[in-house]
Amino acid sequence: QVQLVESGGGLVQPGGSLRLSCAASGSIFSVNNMNWYRQAPGKERELVAGIRSGGVTNYTDSVQGRFTISRDNAKNMVYLQMNSLKAEDTAVYYCNLNFFWHGSRYNYWGQGTQVTVSS
């Protein structure tokens, strides 16, 4: 079984920064995708940023240039550095891990961490 544990959320003023961390443990195939999603009240969950095991990254347009996703494959960790935070970044942020193994897709979620951007 795979477990994902997020940390680093909190309350920050507009323009501030936060760094989210996600620790993955369990039976994880080495070729995988790690992602950060977020869900604001009354909205659907959306992909914020993703990073493949080889290091290729992708971002949603609204965070491009402000957020940076990175990973440490040796530690099975993924990070999200969030700078120049805006009120609209307020949401619960979820870590996601997915990979294919023997023809089956495996998809795991963390419990979420609250990020609130407010003065």
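C95 is buried in the predicted model, at 0% relative accessibility, where buried denotes under 20% relative accessible area, exposed over 50% and partly exposed the range in between (1.4 Å probe, protein chains only). C22 is likewise buried, its relative accessible area being 0%. Because the model is predicted, local features need pLDDT of at least 70 and side-chain atom pairs count only at pLDDT 80 or more, while totals for chains, interfaces and linings use all residues. Residues are numbered from 1 along each chain as its sequence is written, and side-chain values use heavy atoms, with hydrogens and water left out.

One disulfide is found in a search of the whole structure, a disulfide being a pair of cysteine sulfur atoms within 2.5 Å. A disulfide is a covalent bond between the sulfur atoms of two cysteines. Here C22 is joined to C95, with an S to S distance of 2.1 Å. The link of C22 and C95 is left-handed, with -85° about the S-S bond. The pair connects distant parts of the chain, 73 residues apart: C22 lies in strand β3 (residues 18-26) and C95 in strand β9. Strands are DSSP runs (E, at least two residues), numbered from the N terminus.

Strand β9 (residues 91-101) also pairs with β4; the two run antiparallel and are joined by seven bridges. Two strands count as paired if DSSP finds at least two bridges between them. Within this pairing, N35 has N96 in β9 as its bridge partner. R38 is bridged to E46 of β5. Six residues lie between the strands in the hairpin of β4 and β5, where G42 adopts a positive phi near 80°.

Strand β3, which carries C22, belongs to an open sheet of four strands in the order β1-β3-β8-β7, paired in the antiparallel sense. The edges of this sheet are formed by β1 (2-7) and β7 (67-72); each has a single partner strand, so one side of each is left without a neighbour in the sheet. From one strand to the next, the twist averages 15°, with axes taken as lines fitted to C-alpha atoms and angles running from 0 to 180 degrees between N-to-C directions. Within it, S70 has Y79 in β8 as its bridge partner.
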